[in-house]
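I opened the model to look up how its strands pair. These are my notes.

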Amino acid sequence: MTSVGSSRALTRYAANGSHKWFSSQSCLTNTEVRKQRNKAFVAEKKRQMSLITRVEKIKVEFKGHPEDTTLIMNRGLSTPYNCAMHMEELLRNRSALALVDGRPWDMHRPLVKDCELQFLHFQEQIPYLSNMVNKAFWRSGSFLLGYIMDRAFKDQYYVEPHSWPAPDIRSGSFICDIDLKMDNWTPNEEERNCLTRIGYNMLLSTSSKVFERLEVDASVAQDMFADNRFKLEQIPDIAAKSKSQNTVTVYKLDDHIDISGGPMIANSGLVGLFAVSAVHPIDTKFGRLHRVQGLALPTQLKNATRLPGEVPSSDDNISGSQTIEQPFLPPSGASRPQEATT
């Protein structure tokens with residue numbers, strides 16, 4: 001088991017490829033990195049909003065239940081979710097994804113031109129539409145695993161998310177690969193259950209958290225992820241493959257930010273049953289990483305059957321505002337990881 005002790009320094013990788021060494025008294029922490037990343041995200045979003053100096057109207061042709069209708073919305077500001085607010089409450093609550101001119105689109109992503117709009121949910125009967133929603137759900141599950149692992153340990157354990165493979169719903173679980181800097185750690189059942197509880201702390205909060213999407217210049221992404229060596233290596237290639245050849249798409253859920261092409265589901269409230277099912281080390285060209293696997297069911301499909309390792313839901317007398325105790329045990333010889341906070 002490899003741990004980050006007081007005698008070991010961490011490396012901060014800068015956008016230009018250089019790095020700074022931190023002493024044992026000034027090591028990077030997950031909390032500090034989250035704060036700086038959120039600060040950069042909020043500042044960039046504010047900057048982009050300031051570029052909209054006048055409101056332009058667009059025509060949105062909605063197709064579907066309860067009836068086809070035409071909406072006049074605001075270009076660059078109004079989202080599919082805003083459109084749903086002008087219709088039935090059911091559309092707001094159950095829609096996981098939008099179709100804009102036939103393309104999958106985040107519910108909270110602004111519309112940029114006249115378009116045709118449809119809403120998708122988890123009980124779509126047309127296979128290719130159902131597949132779109134399932135992939136967004138799986139992708140969002142991988143994102144949630146990153147959220148969990150980013151806050152599961154005390155700050156002396158610096159966690160670097162690497163990536164997650166494209167969703168494959170046939171595999172039975174979504175995954176996320178992370179550098180925990182603990183080569184041989186494999187959690188026991190109690191520890192896996194505690195990881196699951198971190199997710200439920202957020203999922204059972206009093207209000208659902210939306211997946212915020214933001215397209216940023218590659219240089220902004222490099223600054224945002226200056227403390228993650230994997231992301232810095234990935235960003236130039238991701239940006240080169242973008243439509244502008246210089247942008248990267250990032251998502252924010254609560255205070256967790258990561259890179260993804262998306263789309264994601266609308267919000268955390270659409271996740272019903274959830275469990276961290278496995279964590280195991282894998283060998284890669286980057287060295288030893290940990291692969292985290294998770295299982296979930298959408299709220300719309302939730303039933304009495306529980307997933308392996310799933311903690312009781314709100315229907316089992318755990319209120320959404322309750323803080324769940326997390327007696328999460330560290331690997332042998334390591335310090336106790338911190339309890340989850342909401």
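I noted the ground rules at the start. The model is predicted, so local features need pLDDT of at least 70, side-chain atom pairs count only at pLDDT 80 or more, and totals for chains, interfaces and linings use all residues. Residues are numbered from 1 along each chain as its sequence is written, and side-chain values use heavy atoms, with hydrogens and water left out.

Entry, open sheet. I looked up the strand order and found β10-β11-β12, three strands in an open antiparallel sheet. Strands here are DSSP E runs of at least two residues, helices are H or I runs of at least four, and both are numbered from the N terminus. Two strands pair if DSSP finds at least two bridges between them. Axes are lines fitted to C-alpha atoms, for helices over the stretch in contact, with angles from 0 to 180 degrees between N-to-C directions.

Entry, β11. I found four bridges from β11 (residues 247-253) to β12, antiparallel. Y251 has D258 of β12 as its bridge partner.

Entry, helix. I saw α1 (residues 30-50) lying across β10, β11 and β12, at about 75° to β10. Contact means heavy atoms within 4.5 Å.

Entry, β14. I traced β14 (residues 287-298) to β9 (residues 174-179): five bridges, antiparallel. F174 stands opposite G294 there. β14 also pairs with β13 (residues 271-284), antiparallel, over 12 bridges. F274 is bridged to A296 of β14. I logged β13 and β14 as a hairpin with two residues between them.
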